[in-house]
Amino acid sequence: MPITKSYRDEIGKEREYEFIMILKPDCTSADIKIIVQRMHDLIERKNGKILKFEKWGKRKLAYEIKRNSEGIYLYLRILGLFDLIPEVEKLMRMIEKVIRYMTIKIDDTVDPDARSSEFDIETLDGNIEEADVDELEISEEDGEVVIKEVTEEETEEDSEEKSDSETKSDATETEEKPEDTKE
Amino acid sequence: MGRRNRRYRKRKYCAFCANDNLTLDYKNPRVLKDFITDRGKIIPSRISGTCSTHQRFLTREIKKARMVALIPFTAKSK
């Protein structure tokens, strides 16, 4: 007999998940479309919803996975019940193009009616070139941004240091004065 | 002398407590990279100055980021 309910969950509430998958770098836009379509169908069948879909584009991996040094990242937000994720992960294991996937539960008391889906399967475009990456892109530009950030932090630190050093110098003066009188 | 040097040492502080704009998230490896060594180890809070609450979150996020290859587990061999 199949389990129909998790007793941990409140009635009428669903769970929200973050789902990341890494695809082989040689995947075409058609492949991506097929994979997302399969996932969408599965989630629909399980009465879940895809809230958000993002393409992070082709990125360099920090280490090799199955002899791939690059991968195409896809990011999804899924709303569904507890029995959805095992099915999704099973599907991921069956698709050879997927080299890594990860699910993270964000929230387990989400009202499904309150969340609207930004994702529409019909307008899905598997093109990686047009991927909206901005923040996550690893490139040589990244170094520049980091330097900028560091300088900002440094300026903050400097200002704090100054204030610290001022207070410290005051403190040292006050401390030194009585020593002099003793000598 | 030793005492005087100690007095002028830069005070450590938690970067996440000081700056609200720094979001601690595994999807943002640029922030996490400041808290790992060249070899990929997590820097202890005793050195980085992160408070214990944020260090706990940080550890968790670094481990997630490692899983999806945004951050290395170890330095590359060869």
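View 1. The model is predicted, and local features need pLDDT of at least 70, side-chain atom pairs count only at pLDDT 80 or more, and totals for chains, interfaces and linings use all residues. Residues are numbered from 1 along each chain as its sequence is written, while chains are lettered from A and ligands numbered from 1 in the order in which they are written. Chain B averages a pLDDT of 86.

**View 2. The open sheet of chain A.** Four strands with antiparallel pairing follow the order 2-3-1-4; two strands pair if DSSP finds at least two bridges between them. Strand 2 and strand 4 (98–110) of chain A stand at the edges, each with a single partner strand, so one side of each has no neighbour in the sheet.

**View 3. Strand 1 beside strand 4 in chain A.** These two strands pair in the antiparallel sense over nine bridges. A:Tyr17 stands opposite A:Lys105 in strand 4 of chain A.

**View 4. Surroundings of A:Ile22.** Leaving aside neighbours within four places in sequence, A:Ile22 is in contact with residues including A:Ile65, A:Tyr73, B:Val68 and B:Ala69. Contact requires C-beta atoms, placed from the backbone, within 7 Å.

How values were computed: pLDDT is the predictor's confidence in each residue, from 0 to 100. Two residues are in contact if their C-beta atoms, placed from the backbone, lie within 7 Å.
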